[in-house]
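Here are a few notes from my pass through this one. Have the viewer open while you read.

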Amino acid sequence: MDTRLTALRKEKRVETAMQTQKEIEALSRMTVGHLRQKYLELFGEESRSNHKQFLFRRIAWRIQALAEGGLSERARRRALEIANDADLRIRAPRTKFGQDPTLNAKLSVTRKVAGDLDSRLPPHGAYLEREYKGRRIIVKVLVDGFEFNGQNYRSLSAIASEVTGTKWNGFLFFNLAPITEASNGKK
(Lines give C-alpha, C1' and ligand atoms only; values in the text may rest on other atoms or scores of the structure.)
Protein backbone atom coordinates (compact mmCIF):
# COMPACT_ATOMS: atom_id res chain seq x y z
CA MET A 1 0.00 0.00 0.00
CA ASP A 2 2.86 2.37 0.79
CA THR A 3 4.42 1.90 -2.67
CA ARG A 4 1.15 2.72 -4.43
CA LEU A 5 0.85 5.96 -2.47
CA THR A 6 4.41 6.92 -3.43
CA ALA A 7 3.67 6.16 -7.11
CA LEU A 8 0.55 8.36 -6.96
CA ARG A 9 2.56 11.23 -5.46
CA LYS A 10 5.22 10.91 -8.17
CA GLU A 11 2.54 10.84 -10.87
CA LYS A 12 0.90 13.94 -9.39
CA ARG A 13 4.28 15.72 -9.21
CA VAL A 14 5.03 14.92 -12.88
CA GLU A 15 1.55 16.10 -13.88
CA THR A 16 2.02 19.36 -11.96
CA ALA A 17 5.45 19.91 -13.53
CA MET A 18 4.03 19.37 -17.02
CA GLN A 19 1.17 21.80 -16.35
CA THR A 20 3.61 24.38 -15.02
CA GLN A 21 5.81 23.96 -18.11
CA LYS A 22 2.81 24.48 -20.41
CA GLU A 23 1.84 27.68 -18.55
CA ILE A 24 5.39 29.04 -18.85
CA GLU A 25 5.54 28.19 -22.57
CA ALA A 26 2.25 30.06 -23.03
CA LEU A 27 3.83 33.12 -21.36
CA SER A 28 6.47 33.34 -24.09
CA ARG A 29 3.75 33.93 -26.68
CA MET A 30 2.01 36.69 -24.70
CA THR A 31 2.23 40.39 -25.42
CA VAL A 32 3.39 42.87 -22.80
CA GLY A 33 -0.24 43.83 -22.11
CA HIS A 34 -1.22 40.23 -21.49
CA LEU A 35 1.85 39.70 -19.29
CA ARG A 36 0.92 42.76 -17.22
CA GLN A 37 -2.61 41.34 -16.78
CA LYS A 38 -1.19 37.95 -15.74
CA TYR A 39 1.14 39.72 -13.31
CA LEU A 40 -1.88 41.45 -11.75
CA GLU A 41 -3.65 38.10 -11.39
CA LEU A 42 -0.69 36.35 -9.78
CA PHE A 43 0.74 39.10 -7.58
CA GLY A 44 -2.42 41.04 -6.76
CA GLU A 45 -0.88 44.36 -7.84
CA GLU A 46 -0.03 46.06 -11.11
CA SER A 47 3.50 45.95 -12.42
CA ARG A 48 5.22 49.26 -13.08
CA SER A 49 7.40 47.55 -15.69
CA ASN A 50 6.75 47.24 -19.41
CA HIS A 51 9.86 45.14 -19.96
CA LYS A 52 8.72 41.86 -21.50
CA GLN A 53 11.63 39.72 -20.30
CA PHE A 54 11.37 41.04 -16.73
CA LEU A 55 7.62 40.34 -16.62
CA PHE A 56 8.12 36.88 -18.14
CA ARG A 57 10.74 35.91 -15.55
CA ARG A 58 8.78 37.23 -12.57
CA ILE A 59 5.56 35.51 -13.67
CA ALA A 60 7.37 32.23 -14.46
CA TRP A 61 8.98 32.32 -11.02
CA ARG A 62 5.61 32.94 -9.37
CA ILE A 63 3.94 30.09 -11.28
CA GLN A 64 6.72 27.72 -10.24
CA ALA A 65 6.65 28.94 -6.64
CA LEU A 66 2.90 28.37 -6.43
CA ALA A 67 3.21 24.89 -7.97
CA GLU A 68 6.30 23.76 -6.08
CA GLY A 69 5.87 25.59 -2.81
CA GLY A 70 8.29 28.55 -2.93
CA LEU A 71 10.70 29.33 -0.09
CA SER A 72 10.45 27.62 3.26
CA GLU A 73 9.54 29.68 6.32
CA ARG A 74 13.07 29.24 7.65
CA ALA A 75 14.56 30.63 4.39
CA ARG A 76 12.17 33.60 4.50
CA ARG A 77 13.18 34.43 8.08
CA ARG A 78 16.87 34.21 7.20
CA ALA A 79 16.41 36.48 4.17
CA LEU A 80 14.67 39.07 6.38
CA GLU A 81 17.52 38.87 8.91
CA ILE A 82 20.09 39.47 6.20
CA ALA A 83 18.08 42.38 4.77
CA ASN A 84 17.69 44.00 8.19
CA ASP A 85 21.38 43.63 9.01
CA ALA A 86 22.52 45.11 5.68
CA ASP A 87 24.35 48.42 5.99
CA LEU A 88 22.94 50.15 2.94
CA ARG A 89 24.38 53.49 1.83
CA ILE A 90 22.59 55.93 -0.39
CA ARG A 91 25.63 58.19 -0.80
CA ALA A 92 29.34 57.57 -0.55
CA PRO A 93 30.81 58.58 2.80
CA ARG A 94 32.47 61.98 3.04
CA THR A 95 35.70 62.62 4.82
CA LYS A 96 36.03 65.34 7.43
CA PHE A 97 38.04 67.57 5.13
CA GLY A 98 36.21 67.37 1.78
CA GLN A 99 37.00 64.97 -1.04
CA ASP A 100 38.32 61.50 -0.31
CA PRO A 101 42.10 61.55 -0.87
CA THR A 102 42.09 57.91 -1.98
CA LEU A 103 40.07 58.71 -5.12
CA ASN A 104 42.18 58.60 -8.26
CA ALA A 105 41.85 61.86 -10.21
CA LYS A 106 42.72 60.05 -13.45
CA LEU A 107 39.56 57.96 -13.12
CA SER A 108 37.30 60.98 -12.56
CA VAL A 109 35.26 62.57 -15.31
CA THR A 110 35.98 66.27 -15.52
CA ARG A 111 34.20 67.20 -18.75
CA LYS A 112 31.09 66.28 -20.65
CA VAL A 113 31.30 63.15 -22.77
CA ALA A 114 30.74 63.81 -26.48
CA GLY A 115 27.41 62.75 -27.97
CA ASP A 116 27.20 59.68 -30.17
CA LEU A 117 25.69 61.20 -33.30
CA ASP A 118 24.49 64.56 -34.55
CA SER A 119 20.79 64.85 -33.69
CA ARG A 120 19.99 65.87 -37.27
CA LEU A 121 21.11 62.50 -38.64
CA PRO A 122 18.92 59.40 -38.84
CA PRO A 123 20.10 56.24 -37.01
CA HIS A 124 22.94 54.03 -38.29
CA GLY A 125 21.93 51.91 -41.25
CA ALA A 126 19.43 54.46 -42.61
CA TYR A 127 19.68 55.89 -46.12
CA LEU A 128 19.62 59.51 -47.24
CA GLU A 129 18.35 60.27 -50.75
CA ARG A 130 18.57 63.38 -52.89
CA GLU A 131 18.01 64.13 -56.53
CA TYR A 132 20.67 66.45 -57.99
CA LYS A 133 20.67 67.48 -61.67
CA GLY A 134 18.73 64.37 -62.71
CA ARG A 135 21.01 62.07 -60.69
CA ARG A 136 19.80 60.15 -57.62
CA ILE A 137 22.29 60.39 -54.74
CA ILE A 138 21.87 57.63 -52.12
CA VAL A 139 24.02 57.69 -48.96
CA LYS A 140 24.06 55.09 -46.19
CA VAL A 141 24.61 56.33 -42.62
CA LEU A 142 27.36 54.31 -40.92
CA VAL A 143 28.52 54.24 -37.31
CA ASP A 144 31.70 56.15 -38.16
CA GLY A 145 30.70 58.06 -41.29
CA PHE A 146 28.82 57.60 -44.53
CA GLU A 147 28.94 55.33 -47.57
CA PHE A 148 28.42 56.64 -51.09
CA ASN A 149 29.16 54.75 -54.34
CA GLY A 150 31.06 52.05 -52.43
CA GLN A 151 33.39 54.53 -50.71
CA ASN A 152 33.39 55.67 -47.09
CA TYR A 153 33.32 59.37 -46.23
CA ARG A 154 33.71 61.07 -42.88
CA SER A 155 31.14 63.81 -43.56
CA LEU A 156 28.11 64.63 -45.65
CA SER A 157 29.89 67.78 -46.82
CA ALA A 158 32.60 65.68 -48.46
CA ILE A 159 29.93 63.74 -50.37
CA ALA A 160 28.11 66.93 -51.39
CA SER A 161 31.37 68.44 -52.64
CA GLU A 162 32.16 65.24 -54.55
CA VAL A 163 28.74 65.28 -56.25
CA THR A 164 28.56 69.01 -57.06
CA GLY A 165 32.21 69.89 -57.54
CA THR A 166 31.84 72.85 -55.14
CA LYS A 167 31.83 73.26 -51.39
CA TRP A 168 28.51 72.51 -49.73
CA ASN A 169 27.20 72.14 -46.21
CA GLY A 170 26.23 68.46 -46.17
CA PHE A 171 23.20 68.96 -43.93
CA LEU A 172 21.81 71.65 -46.25
CA PHE A 173 22.54 69.56 -49.35
CA PHE A 174 20.57 66.60 -47.96
CA ASN A 175 17.83 68.88 -46.48
CA LEU A 176 18.52 67.84 -42.89
CA ALA A 177 17.14 70.75 -40.89
CA PRO A 178 18.49 71.44 -37.41
CA ILE A 179 16.36 70.35 -34.46
CA THR A 180 14.67 73.35 -32.84
CA GLU A 181 14.65 73.64 -29.08
CA ALA A 182 11.18 74.00 -27.65
CA SER A 183 12.42 75.85 -24.57
CA ASN A 184 13.73 78.97 -26.30
CA GLY A 185 12.52 78.65 -29.89
CA LYS A 186 16.05 79.02 -31.33
CA LYS A 187 17.46 76.85 -34.07
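Predicted model: local features only at pLDDT ≥ 70, side-chain atom pairs only at ≥ 80, totals over all residues.

1. Glutamate 81 is partly exposed, at a relative accessible area of 41%. Its side chain meets that of arginine 78 in a salt bridge, 3.2 Å from N to O. Both residues sit in helix H4 (residues 73–85), three residues apart, or about one turn of the helix. Arginine 78 also counts as partly exposed, with 47% relative accessibility.

2. The other salt bridges. The whole structure has three salt bridges. Arginine 136 pairs with glutamate 129, with the closest N and O atoms 3.6 Å apart, and with glutamate 131 at 3.5 Å, N to O. These shared partners join Glu129, Glu131 and Arg136 into one network. Glutamate 131 is partly exposed, at 48% relative accessibility.

3. Geometry of H2. After H2 comes glycine 44, with a positive phi near 80 degrees.

4. Valine 32. This residue belongs to H2 (residues 32–43) and is partly exposed, with a relative accessible area of 24%. Leaving out residues up to four places away in sequence, valine 32 touches Asn50, Lys52 and Leu55. Serine 49 is 17 residues from valine 32 in sequence and 9.4 Å away in space, C-alpha to C-alpha.

Definitions and conventions. Residues numbered from 1 in each chain as written. Heavy atoms only, no water. Helix = DSSP H or I, 4+ residues; strand = E, 2+ residues; numbered from the N terminus. Buried < 20%, exposed > 50% of the residue type's maximum accessible area, 1.4 Å probe, protein only. Contact = heavy atoms within 4.5 Å. Salt bridge = Lys/Arg side-chain N within 4 Å of Asp/Glu carboxyl O.
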